[in-house]
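Thanks for coming. I have one structure to go through today, and I will take it topic by topic.

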Amino acid sequence: MTTETLLEVRSLKKYFPVTKSSLFTKETGTVKAVDGVDFTIKKGETLGLVGESGCGKTTLANLILLLEHPTAGNIRFKSREISGLQGKELWEYKAKVQAVFQDPYSSLNPRMKVRNLLMEPMAAGGIWSKAQQMERIGRLLDLIGLQERDAGLFPHEFSGGQRQRIAIARALGPDPELIVLDEPVSALDVSIRSQIMNLLKRLQRTFNLTYLLIAHDLGVVKHMSDWVAVMYLGKIVELAKSDCLYSSPLHPYTRALIASATIAISDRLQKEETLTGEIPSPLAIPQGCRLHTRCPQTFDLCLKEAPEFKEKEPDHWVACHNY
């Protein structure tokens with residue numbers, strides 16, 4: 001039985017012009033934050049997106065959340081292109097695609113009680129009655145491990161882990177299908193990260209949710225994800241099922257990330273894989289393969305020609321001339 005494709009991204013690009021302030025504004029370059037990205041997420045699954053800071057992960061999330069407009073390419077939600085949505089259709093999309101952000105201390109309005117924080121996204125569309133909103137708030141608080149009386153408190157009266165639970169409940173309010181999780185546990189104490197991850201997985205089963213998980217912690221991604229996409233300088237360089245990617249990574253960048261992480265890895269990676277140098281500036285992306293300035297497996301073709309993103313094995317895509 002084929003699972004329904006919920007989100008489809010094709011040839012997506014987002015370029016930011018860099019300008020120099022003077023009497024006449026002059027464009028001096030372009031940051032290619034997202035540069036031709038393709039992936040799909042099926043309903044009920046989690047796609048983990050990993051990569052170093054500045055690789056384009058958050059920009060990609062902002063495009064899906066309609067916080068940024070793409071330079072080129074397509075984003076389809078349930079087979080419908082989202083770029084031209086207006087009015088009621090736009091609100092319906094925003095209700096069905098919610099987000100949980102990294103910092104639970106800044107993502108909640110400190111002047112609003114929990115009840116109002118949870119009610120706000122439900123009230124925006126005008127389809128939930130006050131009684132329905134209150135009933136759902138009680139259920140959501142119970143699901144995240146808080147009491148109904150907590151609805152009358154302010155965010156500062158909770159711990160960081162409790163605030164993130166409230167942020168999760170807020171995202172669940174309008175009954176979404178896709179939730180973008182942007183580093184949802186990286187700002188939390190290590191002791192409560194596993195609790196929040198397990199809560200997210202339990203809620204996914206309860207509501208048949210689909211997640212796009214953005215994280216730099218490979219252990220978090222391994223625990224949460226069905227599929228993993230590895231991003232480098234605006235492009236996805238490897239995409240595979242989670243177990244396959246962690247046990248048999250193909251791309252040198254993926255191998256280096258896993259070898260440097262404090263997680264269990266395949267015996268094939270007993271020898272440490274390392275990259276040399278720093279990640280290049282997105283204003284000066286190298287010609288050919290973008291990793292060739294750091295890769296230990298570089299040869300002549302890598303300097304001249306960008307590798308194609310191809311399916312090397314069933315359900316395992318990679319962009320590398322070695323394959």
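A search of the whole structure finds zero disulfides, a disulfide being a pair of cysteine sulfur atoms within 2.5 Å. This is a predicted model, in which local features need pLDDT of at least 70 and side-chain atom pairs count only at pLDDT 80 or more, while totals for chains, interfaces and linings use all residues. Residues are numbered from 1 along each chain as its sequence is written, and side-chain values use heavy atoms, with hydrogens and water left out.

Cys 289 is in no disulfide either, and its nearest cysteine sulfur, in Cys 302, is 5.7 Å away. Cys 55 is buried at a relative accessible area of 1%, and Cys 289 is buried at 14%. Buried means under 20% relative accessible area, exposed means over 50%, and partly exposed is in between, using a 1.4 Å probe and protein chains only.

Next, the helix pairs. Helices (H or I, at least four residues) and strands (E, at least two) are DSSP runs, numbered from the N terminus. Helix H5, residues 160–172, packs with helix H6, residues 190–207, at an angle of about 20°, and their axes are 11 Å apart. That makes H5 roughly parallel to H6. Axes are lines fitted to C-alpha atoms, for helices over the stretch in contact, and angles run from 0 to 180 degrees between N-to-C directions. Under 35 degrees counts as roughly parallel, over 145 as roughly antiparallel, 65 to 115 as roughly perpendicular, and the rest as oblique.

On the H5 side, Gly 161, Gln 164, Arg 165, Ile 168 and Leu 172 take part; among their partners in H6 are Ile 192, Leu 199 and Phe 207. The residues of this contact of H5 with H6 divide into eight nonpolar, three polar and one charged. For those classes, Ala, Val, Leu, Ile, Met, Phe, Trp, Tyr, Cys and Pro are nonpolar, Asp, Glu, Lys and Arg are charged, and the others, Gly among them, are polar.

The second pair is helix H3, residues 114–123, and helix H4, residues 130–143, which pack at an angle of about 125° with axes 10 Å apart. H3 and H4 are therefore oblique to each other. Their contact holds eight nonpolar residues, one polar and three charged.

Buried or exposed: which is Gln 133? Gln 133 lies in helix H4 and is buried, with a relative accessible area of 5%. Apart from neighbours within four places in sequence, Gln 133 is in contact (heavy atoms within 4.5 Å) with Met 119, Met 122, Ala 123 and Trp 128.

Now helix H9, residues 252–260. Eight of its nine residues are buried, so H9 is largely enclosed by the rest of the structure. The buried residues include Pro 252, Tyr 253 and Arg 255. They pack against helix H7, strand S9, strand S10 and helix H8.

Last, Tyr 211, which is found in strand S8, residues 210–214. Tyr 211 counts as buried at 1% relative accessibility. Tyr 211 and Ile 41 are 170 residues apart in sequence, and 8.3 Å apart in space, C-alpha to C-alpha. Setting aside neighbours within four places in sequence, Tyr 211 has contacts that include Ile 41, Glu 45, Leu 178, Leu 200, Leu 203 and Met 224.
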